[in-house]
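Q: Could you walk me through the salt bridges and the helix packing in this one?

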Amino acid sequence: MSSVFTTVLPVRWSDQDINRHVNNARVVTLLEEARLAAIASWLGDEGVPDPARPRVVVSLTLDYLRSVDHGPELTARVWVSRLGRSSYTVAYELVQHGQVAVRARTVLVQTDQATGRSIPLPDHARATLEGIVVPDESIAAHPATVGDNRA
């Protein structure tokens, strides 16, 4: 299994704003699409959102390094940069025109359906995620050598 999930994201005409670049709120939606695809790839059926075992976003940080345009291919690189007892951090780079346009991270927490409180990650999910954690320093130091799932 690959540590860095890579996918091409479709940028829709309607994602643009009056400035003719992808609206900042739409970038968050693109990140969500990339995250859902990555987690499903890593965890299979256990990664598909399920109200019986909710994982919620408790933090989102985002740096816009340059505008994202409609038209040219937009590639998302997604990896797990940290694993906790009940949470994990998903990191992203959105690349367009051969340059990183967006860097972001979300912290996801496994919660109890009845109480809404955090609970430990399921054993299978934890074991899988432990095997693919890539510290951010590894991405920065060796961006071309970190494995991904693109051909």
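A: Helices (H or I, at least four residues) and strands (E, at least two) are DSSP runs, numbered from the N terminus. This is a predicted model, where local features need pLDDT of at least 70 and side-chain atom pairs count only at pLDDT 80 or more, while totals for chains, interfaces and linings use all residues. Residues are numbered from 1 along each chain as its sequence is written, and side-chain values use heavy atoms, leaving out hydrogens and water.

Q: How many salt bridges are there?
A: Taking a salt bridge as a side-chain nitrogen of Lys or Arg within 4 Å of a carboxyl oxygen of Asp or Glu, the count comes to three.

Q: Which residues are linked in a network?
A: Arg-77, Glu-93 and Arg-103 are linked that way. Glu-93 pairs with Arg-77, with the closest N and O atoms 3.3 Å apart; Glu-93 lies in strand β4 and Arg-77 in strand β3, so the pair ties together parts 16 residues apart in sequence. Glu-93 also meets Arg-103 at 3.2 Å, N to O.

Q: Is Glu-93 buried or exposed?
A: Glu-93 counts as buried, at 9% relative accessibility, where buried means under 20% relative accessible area, exposed over 50%, and partly exposed in between (1.4 Å probe, protein chains only). Arg-103, at 41%, is partly exposed.

Q: And what about Glu-130 and Arg-126?
A: Their side chains meet in a salt bridge at 3.8 Å, N to O, and because Glu-130 and Arg-126 are four residues apart in helix α2, about one helical turn separates them.
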